[in-house]
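User: I am new to this structure. Please show me how to read its features, one at a time.

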Amino acid sequence: MPEKQALSAPQKALHKLGLTRDIDLALHLPLRWEDETRVLRLADAREGESVQIEAEVTACEIAYRPRRQLVVTVEDGSGSCQMRFFSFYPSQQKALAVGTRHRFRGELRGGFLGWQMVHPVVKPAGAALPTALTPVYPTVATLPQAYLRKAVLSGLARADLSDTFPPGVSETLQPQVWGLREALAFLHHPTPDVALAALEDRSHPAWQRLKAEELLAQQLSQLESKRERDALRSPALATRRGGLQETLLAQLPFALTGAQRRVVEEIARDLAREVPMHRLLQGDVGSGKTVVAALAAAVAIDAGWQCALMAPTEILAEQHFRKLIGWLEPLLAPLGRRVAWLTGSQKKKERGEMLALVESGEAALVVGTHAVIQDQVQFKALALAVIDEQHRFGVAQRLALRAKMKDTAQEPHLLMMSATPIPRTLAMSYYADLDVSTIDELPPGRTPIVTRLVADSRREQLIERIRSQLAEGRQVYWVCPLIEESEALDLSNATQTHQDLSEALPGVMVGLLHSRMPPAEKKAVMALFSGGQMGVLVSTTVIEVGVDVPNASLMVIEHAERFGLSQLHQLRGRVGRGAAASACVLVFSPNENGRVSETAKARLKAMAETNDGFEIARRDLEIRGPGEFLGARQSGAPLLRFADLEADADLLAWARALAPLMLDRHPALARRHVERWLGGKSEFLKA
Ligand code: ADP
Ligand code: MG
């Protein structure tokens, strides 16, 4: 057997960057370009410009102020410049001896002592000048530019770059774009006469071609997975007149809002079809998504099937369980069916009983955490899977839940819920394969939450405010931040705050909740808080999602500058759930330099300015960009590298319109196009 050759560090890095095929290399485009085609005279140079000069060394010495450095003075006949090297080898010092000539490239700074360059690139004088701009590629430390440039060049030479746009299609693009081959050749090695601005802001027709290609690949793969899904089958679940859903509606202690009624109907229409539902239910925190899930479950149960509801945390699952038992069990009991409960922390005996209920089908509804998707869990007849806070789950988990249908020729209907709305542009492009229902109205009687920013130095006043809330019979959350590097530190922060507040509020029950507590203790603490005996709950972010205690009216978030925007919004959503006026106080602590970072400021400002989850999501997208927004790793969706959804909305619309025509009339081209752009990655989109 031939010995398997070990990969070198740069080869490994290439793989890690996903640059495995020739075409991947050809599509790995420069971040920027350097102009090494010209040698400039110092007299013609401008401050801040990246230039290349050729000059003679007139002095070379080691200086010690402010720190050890090699200072080389050069003259090019039109002016002089000082080169500073903070790290250098003796051999470099020797090479830069007085009287030698070199080519220097770097950014020119006008200092107190005339022109300066820090760490210029040094090359022999008189060497031939390149005729094209030099590409600078995105890379990692173990993959040097020079190696990558060579790899890209040979990838570009070998790759199949034949056109995959159907005949006549490029002409439909306005303004005109280039052919793929020309566009790539140009972007990798642009001629020096091009306006760098058009290259850098990606408005050049060569860039337009790549963006159009990329968006088309994405739209095609989305459409393909939608069509694949449409070929799958699910049980058709009709909503009966006088059935379980109607009974449940009649027994609820409140009337649905208009928005809730609308989404319940949208879901009912999906369930009645034989095609699996693939719907995202989005609605701001507190908009009442749980009851919508219960009403959907009622339809499935009424038709004799089972429903599963999966939530990301035990606290949340437990809360759903209680609520759903309250709503559904009175209706299920006469039918001899039940609500089952599955979590990781469950006792073996209880778990065994629950598993039996699920397997026999006696459990009409199964509520739980990730435990629901474990192998031992066998459903008798799962027809509807509901995933709460879906963005907390990964692709694999969603797939596992879908695979829980016993009849492998069928799929359960899938309802995903989220309080983090997907901005419209993202929905259009990444989730073309997803139907979206939106609850855009809060239940009546809620007063808007007032949000205030408070510096940490004003803690005393804050405690006064807590006292007055407690005096009115209200309850208070106090959230401490998650410090990612250290769970221990995190804990000590929360523990300390807990102690401080207990002392400051004698006679008030102050509780503590954090992720490392045993589940039974968490449960007990939550029970005391939701029962109203506990006045203040100090917690880490475990309460972030879904917790529902309507009597809580004040949310204090400590070190608010450390939280993400959607997380802050989720946390704030824990209050304002009853009729009482509620407030959220964001306590921020400037760093050692007395500052708060710009992005943190932007987040806090957004929080203070709006309560609207959609507006928050929009601002979040603006602050973080789509990459972080989607959580690339989690969603598995390959992100757009070149196109920008907002700026390239026209190209996106073009790709959306072309995708179905291309799949129908030019399926072979479509396949080649998706393969070229997404390779093996398109599978991910299907979850
Ligand atoms: P979320 O959408 O954040 O999951 P929940 O489903 O937890 O919100 O609902 C928030 C609270 O509002 C719950 O106490 C729920 O029972 C209540 N609720 C839901 N719908 C209505 C309604 N139409 N009228 C009054 N209260 C409602
Ligand atoms: Mg919820």
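User: Let us start at the ligand. How far is a backbone N or O atom of G288 from an oxygen atom of ligand 1?

Analyst: Polar contacts are the idea here: a pair of N or O atoms within 3.5 Å; within protein, one must be able to donate a hydrogen and the other to accept it, and residues adjacent in sequence count only if both atoms are side-chain atoms. A backbone N or O atom of G288 lies 3.1 Å from an oxygen atom of ligand 1. The protein covers 88% of the 560 Å² of accessible area that ligand 1 has on its own. Accessible areas come from the Shrake-Rupley method with a 1.4 Å probe; for residues, only the protein chains shown count as cover. For K289, a side-chain N or O atom is 2.8 Å from an oxygen atom of ligand 1.

User: Which residues are closest to ligand 1?

Analyst: A residue is near a molecule if one of its heavy atoms lies within 4 Å of it. Around ligand 1 there are 17 residues, the closest being G286, K289, T290, R446 and D548.

User: What should I know about the model itself?

Analyst: It is predicted: local features need pLDDT of at least 70, side-chain atom pairs count only at pLDDT 80 or more, and totals for chains, interfaces and linings use all residues. Residues are numbered from 1 along each chain as its sequence is written, chains are lettered from A and ligands numbered from 1 in the order in which they are written, and side-chain values use heavy atoms, with hydrogens and water left out.

User: What is the average pLDDT of the protein chain?

Analyst: pLDDT is the predictor's confidence in each residue, from 0 to 100. The protein chain averages 86, and 91% of the residues score at least 70. Over residues 627-638 the pLDDT is below 50. That stretch still has 30 contacts in the model beyond near neighbours in sequence. Contact means heavy atoms within 4.5 Å.

User: Is R105 buried or exposed?

Analyst: Buried means under 20% relative accessible area, exposed over 50%, partly exposed in between (1.4 Å probe, protein chains only). R105 has 15%, so it is buried. Its side chain makes a polar contact of 2.5 Å with that of E34. Leaving aside neighbours within four places in sequence, R105 also touches others, including V51, M117 and V121.

User: How many helices and strands are there in the protein chain?

Analyst: Both are DSSP runs, numbered from the N terminus: helices are H or I, at least four residues, and strands are E, at least two. The protein chain has 23 helices and 22 strands. R105 sits in one of them, strand β5 (residues 101-107).
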